[in-house]
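Here are my notes for a colleague who is starting out with this model. Please keep the structure open beside the text and look up each residue as it comes.

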Amino acid sequence: MTRTIPCVLMRAGTSRGPFFLRDWLPADERERDEALIGAIGASDLLQLDGVGGGNSLTSKVAIVSRSKEPGCDVDYLFAQVGVGQRSVDTRPNCGNMLSGVAPFAIEQGLIDAQDGETTVRVFNVNTRSRIDVTVLTPGRRVVYAGDTSIDGVAGAAAPIRLNFLDAWGSVTGSLFPTGRRIDAIDGLPVTCIDAAMPLVLLRAADLGLHGRETPAQLDADAALLARIEAVRRAAGLAMGLGDVSASVVPKPVIVSAGDDPDSITSRYFTPRRCHAAHAVTGAIGVATAFALPGTVASGAPARDGTRTVSVLHPQGRIAIEVLVAGQGEAASVQRAALVRTARKILQGELHLPEDVFSTSTKETNQ
């Protein structure tokens with residue numbers, strides 16, 4: 001026996017996953033998570049029995065609904081589904097999947113498109129923060145074709161602008177949740193920061209690395225991965241997140257010098273494997289740490305006004321436009337914006353196997 005629900009599969013930024021209206025999924029949270037596990041095929045590493053791709057970047061889900069938040073149009077709940085394990089984590093946000101939310105919401109009738117371009121005010125339920133997403137809508141219709149390229153994705157598509165307005169301290173309540181810009185964990189200087197995504201930043205040199213290692217090289221170093229995971233768990237406790245052994249936050253990031261005064265090299269972990277490119281939310285966190293003084297990632301002295309920070313990753317770079325207000329220790333990042341792309345891959349009915357649902361749920365539905 002199977003259950004059938006509507007589904008739209010999208011490539012969003014450098015991620016891919018199914019998009020659902022909230023009403024398409026079970027109302028009960030446990031049953032909803034079981035449905036997501038079945039949709040992705042989370043139970044096996046290759047995810048052969050679902051639409052996942054055997055990788056954390058293709059094991060993502062976006063759930064969208066009309067928003068009840070003042071000043072917002074739609075709610076976006078992100079879910080990171082397990083790879084080889086039956087798990088669903090809704091603690092983090094995902095900026096790459098976010099780039100598909102506005103096109104999806106417009107096409108599903110949640111938002112009326114404007115002629116030319118349409119800005120959708122998105123409320124991220126995970127981090128309780130607002131992001132304005134602008135998409136091209138000539139003739140009041142979403143277009144996916146265009147000439148904008150992003151590193152990590154073949155070809156070109158229409159630009160989608162993400163404008164993060166209040167992503168600083170949205171999860172822990174503070175930009176630097178430990179109260180310090182540098183902490184010592186396991187003998188290493190680290191920066192714990194909550195900017196769009198809780199992160200723990202480490203310098204490549206402090207780990208005996210040059211910072212330009214490939215994801216395959218980093219993933220093959222079991223001792224390095226174990227040390228990073230130990231630091232991540234300790235950072236989670238220090239940031240007030242509790243035991244994070246079963247969670248994907250905070251995300252560890254290895255940083256090193258960039259190619260010029262306005263760039264920084266980053267290796268972002270998801271959290272136990274190195275990202276093939278880079279998470280958008282992670283890039284905002286890295287750019288924030290780079291733009292402010294006193295962190296392990298700090299670049300040139302902070303300057304008042306708008307600057308573009310390039311976060312260099314294994315597939316290229318992400319350019320983050322940040323607005324810095326104030327000088328020195330009083331400086332703060334007020335806004336961060338960047339451009340992504342998205343593409344609708346298919347729309348149809350997704351068949352969920354009955355065996356992903358718990359016994360009590362089955363009995364309830366009989």
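1. On a 1 Å grid over the protein atoms alone, a pocket is an open set of points with protein on both sides within 12 Å along at least five of seven lines, a cavity is a set where a 1.4 Å probe fits but cannot get out, and lining residues have an atom within 4 Å of a point. Grid points are joined across faces, edges and corners, and a volume is the space filled by probe spheres set on the points. This is a predicted model, in which local features need pLDDT of at least 70 and side-chain atom pairs pLDDT 80 or more, while totals for chains, interfaces and linings use all residues. Residues are numbered from 1 along each chain as its sequence is written, and side-chain values use heavy atoms, with hydrogens and water left out.

2. The largest pocket holds about 390 Å³ of space, and of the 19 residues in its lining, V83, Q85, V248, P271 and R272 lie nearest the centre. Strands β4 (74–81) and β5 (88–89) each contribute at least two lining residues, where helices (H or I, at least four residues) and strands (E, at least two) are DSSP runs numbered from the N terminus. The lining divides into six nonpolar, ten polar and three charged residues, with Ala, Val, Leu, Ile, Met, Phe, Trp, Tyr, Cys and Pro counted as nonpolar, Asp, Glu, Lys and Arg as charged, and the others, Gly among them, as polar.

3. The second largest pocket has about 150 Å³ of space, and 13 residues line it, with I150, I318, A319, V339 and R340 the closest to its centre. Two or more lining residues come from each of β15 (316–325) and β16 (332–340). By class, this lining has six nonpolar, two polar and five charged residues.

4. The largest cavity has about 90 Å³ of space, and of its 15 lining residues, K60, Q80, M197, K251 and Y268 are the closest to the centre. Eight of the residues lining the largest cavity are nonpolar, five polar and two charged.

5. Which residues line the second largest cavity? They are P103, V135, L136, V142, V143, Y144, A158, P159, I160 and A342, and by class they divide into ten nonpolar, no polar and no charged. The volume of this second largest cavity is about 50 Å³.

6. The structure also holds two aromatic pairs, where rings of Phe, Tyr and Trp (its six-membered ring) pair if their centres lie within 6.5 Å, and planes under 30 degrees apart count as stacked, over 60 as edge-to-face and the rest as tilted. F19 and F104 form a tilted pair, 5.7 Å centre to centre with 50° between the planes. F19 lies in strand β2 (residues 15–21) and F104 in helix α3 (residues 101–107), 85 residues apart. Both F19 and F104 are buried, meaning under 20% relative accessible area, with exposed over 50% and partly exposed in between (1.4 Å probe, protein chains only).

7. W24 and F104 form an edge-to-face pair, at 6.0 Å centre to centre and 90° between the planes. Because W24 lies in the loop between β2 and α1 (29–40) and F104 in helix α3, this pair ties together parts that are 80 residues apart in sequence. W24 is buried at 18% relative accessible area, and F19, W24 and F104 form one aromatic cluster.
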